[in-house]
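Hi everyone, thanks for making time. I'd like to walk you through one structure today, so please have a look at it while I talk.

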Amino acid sequence: MPDGSRIVSPRYDAARIRVRGAVQGVGFRPFVWSLARELGLSGWVLNDEDGVLIHAEGSGLDVFAYRLRADAPPLSRIDEIERAPAARSGAPAFEIRTSARRAGARTMITPDVAVCDDCLLDIFDPSNRRYAYPFTNCTNCGPRYTITRRLPYDRAQTSMAPFAMCPACRAEYDDPADRRFHAQPNACPECGPRLSAGIADIVARLKGGEIVALKGLGGFHLAVDARNEAAVDRLRARKRRDGKPFAVMVASRLSAAGLARLDDAEAALLTSRARPIVVCRLEKSAGLASGVTRGLGDIGLFLPYTPLHYLIFHEAAGRPPGRAWLEEHHDFALVMTSANPGGEPLVTSDSEARERLGAIADVIVGHDRDIVTRCDDSVMRVIDGAPAYLRRARGACPSPIKLSRAMPPALGLGGHLKTTICAIRDDEAFLSQHIGDLDNAATYRFYKETAAHLVDILEIEPETVACDLHPDFLSTQFAADWDVPVVRVQHHHAHIAAVAAEHRIDGPLAGLALDGFGLGADGEENWGGELLVVEGPAMRRVGALAPLRQPGGERAAREPWRMGAAALHALGRGADIARRFREQDGAGLVAEVLERDVNAPHTSSAGRLFDAACGILGVTPVASFEGEAAMRLEALARSPAALPGGYEIRGERLDFSPLLAALCDVDPATGADLFHGTLAEGLADFVACRLAAVGFPLRRVAASGGCLQNNVLARLLRSALGRRGIDLLTPRAAPANDGGLSLGQAWIASLAAENQKGDGSCA
Ligand SMILES: [Zn+2]
Ligand SMILES: [Zn+2]
């Protein structure tokens with residue numbers, strides 16, 4: 001808002017205006033140019049290493065400065081506008097000047113965004129020269145990060161370089177009044193990239209039940225008709241996909257509403273320019289093949305985001321003109337799953353697609369524009385009333401996460417599962433796109449490339465790198481490749497530090513890590529249900545869940561019945577194990593293992609506590625993918641309530657044995673309500689007791705880790721803490737799961753570098 005405290009009379013004036021933020025490659029200069037012309041100002045605008053610089057003169061500079069912010073182009077983000085008086089230059093008009101650029105340019109690429117409404121009108125208009133052209137874009141939309149090789153963001157530095165613009169495209173590109181002025185990927189059917197198949201053919205094959213590999217923005221998708229049971233089953237079998245649900249793309253918001261009851265926050269996410277996959281509650285199957293969700297209560301929905309996606313739905317709808325059909329419901333729905341066979345990275349090139357997808361897809365649809373940066377779809381969920389990432393990638397990367405202040409350059413190298421890399425430059429943290437699980441050579445290569453790319457485009461030399469405590473992780477071994485000090489960060493410390501970093505908390509912070517697995521700082525127990533006090537690079541464990549046995553070690557994480565058996569044994573009901581789990585192979589053996597106390601390490605993991613509850617209740621005795629049991633338990637909860645006396649606080653330990661005992665005698669739905677209600681109440685009580693006991697005065701606590709993806713738990717925890725006067729901070733900018741670890745690690749590494757220099761400003 002303009003300064004309203006004084007009245008400024010219109011007078012002729014001159015000003016130098018500096019605009020910082022995401023203001024390059026987003027149509028900011030032509031916007032300034034048009035605005036200045038409209039207001040009758042003269043002067044100039046240019047891009048430089050610090051953002052956008054404007055010299056403007058005339059009367060009405062206050063209105064100009066106000067509208068710079070108020071009317072800024074849709075893809076821009078203004079962090080700061082600085083205005084200083086300047087000498088009049090007597091310039092006759094307003095012009096766009098050529099960019100001034102020096103080394104060390106502090107600018108970034110913007111994320112890829114969905115095709116805009118104006119471009120949709122172009123591709124649905126039979127009289128438009130871009131009718132049905134799948135690579136249509138403009139300054140307000142289209143690919144960015146995934147086509148850019150290096151900065152500055154100019155066409156020559158992108159994979160559009162080989163396509164010389166035709167005279168019509170060139171004229172648009174050169175005209176400041178045109179929507180495609182300096183749109184680097186500008187293209188048309190005359191001069192731009194071409195698809196290897198016709199849209200009508202693609203749709204005919206999809207409707208015929210074939211599996212189509214479709215080249216997208218950041219990689220290939222495998223697409224099938226989501227209503228065709230046989231096609232979905234064939235895709236699942238050929239992809240050797242575990243039981244994880246498939247994401248489904250639908251034409252419109254109303255089509256999505258035909259499958260899920262969307263609240264306002266979910267609908268806003270679904271239609272946002274970033275177009276993430278939004279996990280929501282499946283309302284009615286509405287003819288979807290059962291193989292899509294396999295009985296899970298949740299479904300990941302997303303809307304089309306490239307012109308190609310829209311053209312497929314357009315063709316399926318009978319090629320209606322205009323955009324009005326997108327306000328209607330359409331039955332046609334596509335399973336769109338990442339083409340990453342064998343858990344290896346997403347397929348990005350046409351030749352790679354023929355090699356790796358040949359046995360899965362019936363047809364491969366590629367094109368002649370390279371994907372430079374591999375990038376999966378982002379996955380989000382509304383958790384505790386606000387959007388949160390489950391996977392942060394396309395549409396979010398490489399947007400930075402703002403920190404409280406400028407810090408030394410550092411890298412966080414992530415963990416083992418759902419790995420990401422994070423680089424800190426000044427007061428911003430750049431979290432890489434989701435890379436994947438580091439359990440194969442190809443993903444490890446992609447991981448190392450991503451680290452190199454990030455350091456390269458940010459032009460930083462990290463002073464420290466941070467990795468996990470676990471010695472066997474490839475990410476830990478990779479830390480040695482950097483010729484700088486390595487900080488090894490305990491897994492749950494990193495989870496809480498990530499929350500501190502994004503919420504810009506410099507002082508001490510108490511944190512509740514509710515997670516699957518992480519090596520403990522004591523080296524004896526697997527952690528995962530910890531109350532920590534984090535103060536910069538230092539961490540103190542002030543409480544934890546009472547340990548459970550994990551019979552069979554890691555196997556117990558995939559077979560919740562084993563955790564159920566461990567709980568029974570701990571309750572003194574070991575004799576029930578063989579009977580209760582008689583359908584499971586090895587139930588007798590597990591009872592014996594627990595009795596003899598071999599191969600059953602201790603764990604304080606909250607994830608394993610969920611598994612124990614699921615095991616006892618018979619909810620997913622054997623999981624087909626990570627987190628399945630907890631997801632199914634969450635879906636069963638209807639009206640959670642705490643069980644009186646369901647937990648005990650004994651010194652530094654929080655014990656849910658009474659709850660687990662009660663679960664032995666109830667049905668799964670009642671059990672799900674009791675479990676969530678008691679867990680939240682017990683955790684909140686424990687936090688209040690322990691923080692008082694250790695004299696920690698702050699009335700807020702951070703919570704993170706994989707269990708915070710559970711909406712029921714997150715909501716209950718906030719309200720239970722609130723009743724005790726404690727605020728809850730949760731991850732919003734980075735995932736609560738291990739995808740957010742690298743942010744916390746990088747932040748700690750940077751603080752450690754600061755401390756080494758002796759300025760100690762984090763204390
Ligand atoms: Zn557009
Ligand atoms: Zn052209």
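This is a predicted model: local features need pLDDT of at least 70, side-chain atom pairs count only at pLDDT 80 or more; totals for chains, interfaces and linings use all residues.

I'll go from the overall picture to the metal site, and then to a few backbone details.

Okay, the whole protein. There are 763 residues here, and 59% of them count as buried. The secondary structure comes to 23 helices and 27 strands. If you put a box around the C-alpha atoms along the principal axes, you get roughly 90 × 65 × 50 Å.

Now the contacts. Take the ones with a separation of 6 or more: 71% of those are between residues 24 or more positions apart. As for the surface, the protein exposes about 28,600 Å², with carbon and sulfur atoms supplying 49% of that.

The domain assignment gives four entries: domain 1 is 13–96, domain 2 is 199–382, domain 3 is 400–489 + 733–763, and domain 4 is 543–729.

On to the zinc ion, ligand 1. Which residues hold its protein donors? They're Cys116, Cys119, Cys138 and Cys141, each through SG, lying 2.3 Å from the zinc. Along the sequence, the spacing reads C-x2-C-x18-C-x2-C. Cys116 sits in the loop between β5 and α3, while Cys138 is in the loop between α3 and α4, so this pair links distant parts of the chain, 22 residues apart. Both Cys116 and Cys138 are buried. And why do we call the arrangement tetrahedral? Because the angles between the four donor atoms run from 104 to 117°, and the cut-off asks for all angles between 85 and 135 degrees.

Last, the backbone details. Cys397 and Pro398 are joined by a cis peptide bond, with omega about 5°. Pro398 is in the loop between β14 and β15.

Arg240 has phi of about 50°, in the loop between α6 and β8. Buried or exposed, for Arg240? Exposed, because its relative accessibility is 75%. Ala132, at 31%, is partly exposed.

Terms used
Residues are numbered from 1 along each chain as its sequence is written. Chains are lettered from A and ligands numbered from 1 in the order in which they are written. Side-chain values use heavy atoms; hydrogens and water are left out. Donors are N, O and S atoms within 2.8 Å of the metal (3.2 Å for Na, K and Ca); water is not among the atoms, so sites may look incomplete. Four donors count as tetrahedral if all angles lie between 85 and 135 degrees; four count as square planar and six as octahedral if opposite donors are over 155 degrees apart and all others between 65 and 115; anything else is irregular. Helices (H or I, at least four residues) and strands (E, at least two) are DSSP runs, numbered from the N terminus. Buried means under 20% relative accessible area, exposed over 50%, partly exposed in between (1.4 Å probe, protein chains only). Contact means heavy atoms within 4.5 Å. Accessible areas come from the Shrake-Rupley method with a 1.4 Å probe; for residues, only the protein chains shown count as cover. Domain bounds come from an automatic or database domain assignment.
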